[in-house]
Amino acid sequence: MFSPHDHALMAHALRLAAHGLETTQPNPRVGCVIARDGEVVGEGWHRRAGEAHAEVHALQAAGVAARGATTYVTLEPCGLHGRTPPCADALIAAGVARVVIATDDVAQCAGGALERLRAAGIVVETGLMREAARELNRGFFARVERGRPWLRLKLATSLDGRTALASGESKWITGEAARADVQRWRARSSALLTGSGTVRADDPHLTVRLADAPAQAVAPLRVVLDSALRTPRGAHVLDGSAPTLLLHAAAARPSDDRFDAVELVALGRDARGLDLAAVLALLAARGMNEVQVEAGPMLCGALFSAGLVDELLLYVAPVLLGGDARALLALPPLARMADRTRLRVHEQRVVGDDIRLLLRPD
């Protein structure tokens, strides 16, 4: 159905879409290529929510050469009038002859984009490199299709599976290259989530520190789970340097002004603490696509046990911390080896002296 040339141009569109990895949230990352007679005449990508979509940039670059051309776009063109006009209408007005789409967009199904394109005599073909397009926007699809964000646990461990000394000291298990790599993963995240225990022990900033961050980058929301409002005065997460949401139990009430720079929201509890499913539902309702968890073994273990974790970003350092050091995750004990949790290695890479694994539950 699709030629090698089609594959090459869609791959180029996907590379363009990745330029928006750190800037488009809550919108998906989308790339577009317009080709005529085997030559690219226009290309573009979605840069930031509320601004022109990828198709508009590509059409502007192509000009009159778009008439009779083929458009390759990584996500179904929008058919609804939101903050920008429908891209389907722009493609029709430009007179393109064929539109090749990587994957559909369930958020746009009511817009009738594909029907309007076909009614205008445009050949529409879908499914080219669909999995790659969905992978690029796994957070977006997780949010719109299942009502909760894509949840990633960021963990650093020694070779013997330990994350900190018995005293709680954990700086630094991994090397400088790995710590810099984490900043990139933070930058692509909609929110960074931690618990009050980690705040009290480590006082993290939970901000993105990149010298080459795109000018259009959106600062991730800092989310702190603090049932009893025990985050201490002077904690970095209370400094107002980034948007911050602090979730607490309904019975807890702030006793002073230390929380004035953050938003407080009360949530229900379950047997383990704050209702974690409700936490993620709240974040999805606020447009969070990818949530990166940087927390201790208790919260990470609770999320994992609840089946809410989509992937583990695990940095393994060539060091040993000993038997009394803290474990990677606090999980229930197993009686049988058959009950062990299986993870699939999605990606592995050497980062400085450390190994980075991207793992997903089977």
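Cys300 is found in helix α10, in what is a predicted model, where local features need pLDDT of at least 70, side-chain atom pairs count only at pLDDT 80 or more, and totals for chains, interfaces and linings use all residues. Residues are numbered from 1 along each chain as its sequence is written, and side-chain values use heavy atoms, with hydrogens and water left out. Helices here are DSSP runs of H or I with at least four residues, strands are runs of E with at least two, and both are numbered from the N terminus.

With a relative accessible area of 0%, Cys300 is buried. That word means under 20% relative accessible area, while exposed means over 50% and partly exposed lies in between, using a 1.4 Å probe and protein chains only. Leaving out residues up to four places away in sequence, Cys300 touches Leu153, Leu155, Val293, Ala295 and Leu329; contact means heavy atoms within 4.5 Å.

Leu299, Cys300, Gly301, Ala302, Leu303 and Phe304 of α10 are buried. Pro297 also belongs to α10, but at 22% relative accessibility Pro297 counts as partly exposed. Beyond four places in sequence, the contacts of Pro297 are Ala327, Leu328, Leu329 and Ala330. Just after the helix, Gly307 takes a positive phi of about 75°.

Across which strands does helix α10 lie? The helix, residues 297–305, lies across β6 (150–157), β8, β9 (221–225), β14, β15 (311–316) and β17, and runs at about 135° to β6. For such angles, axes are lines fitted to C-alpha atoms, for helices over the stretch in contact, and the values run from 0 to 180 degrees between N-to-C directions.

This brings me to the sheet. Its 9 strands are arranged in the order β11-β10-β9-β8-β14-β6-β15-β18-β17, forming an open sheet with mixed pairing. Two strands pair if DSSP finds at least two bridges between them. At the edges stand β11 (263–267) and β17 (343–351); each has a single partner strand, so one side of each is left without a neighbour in the sheet. From one strand to the next, the twist averages 25°. Within the sheet, β8 (residues 191–195) and β14 (residues 290–293) run parallel and are joined by 3 bridges. Ala191 stands opposite Val291 in β14.

Elsewhere, β1 pairs with β2 (residues 39–45) in the antiparallel sense, over 6 bridges. There, Ala35 faces Val40 in β2. The two strands make a hairpin with 2 residues between them, and Asp37 in the turn has a positive phi of about 55°.

Next, the nonpolar interior. A nonpolar core is a set of buried Ala, Val, Leu, Ile, Met, Phe, Trp, Tyr and Cys residues joined through side-chain atoms within 4.5 Å. The largest has 36 residues, and Leu153, Leu193, Leu225, Leu247, Leu283 and Leu303 have the most contacts inside it. Another core, of 23 residues, lies apart from that one and has Ile34, Leu91, Val99 and Leu114 among its members.

Is Arg29 buried or exposed? Arg29 counts as buried, because its relative accessibility is 7%. Arg29 lies in the loop between α1 (4–17) and β1 (31–36). A polar contact of 3.0 Å joins its side chain to that of Glu290, and a polar atom of the Arg29 side chain lies 2.9 Å from the backbone oxygen of Leu136. A polar contact is a pair of N or O atoms within 3.5 Å; within protein, one must be able to donate a hydrogen and the other to accept it, and residues adjacent in sequence count only if both atoms are side-chain atoms.

Finally, the record. In an unreviewed entry, UniProt places the feature "binding site" at positions including Ala156, Trp172, Pro297, Cys300 and Ala302. The listed positions span 147 residues in sequence, and the farthest two C-alpha atoms are 28.2 Å apart, so they do not all gather at one spot. UniProt also lists Ser170, Arg186, Leu206, Arg209 and Glu294 for "binding site", again from an unreviewed entry. UniProt positions are given in the numbering used here, feature names are shortened, and annotations may be inferred rather than shown by experiment. Ser170 lies in the loop between β7 (162–164) and α7 (176–187), and at 24% relative accessibility Ser170 counts as partly exposed.
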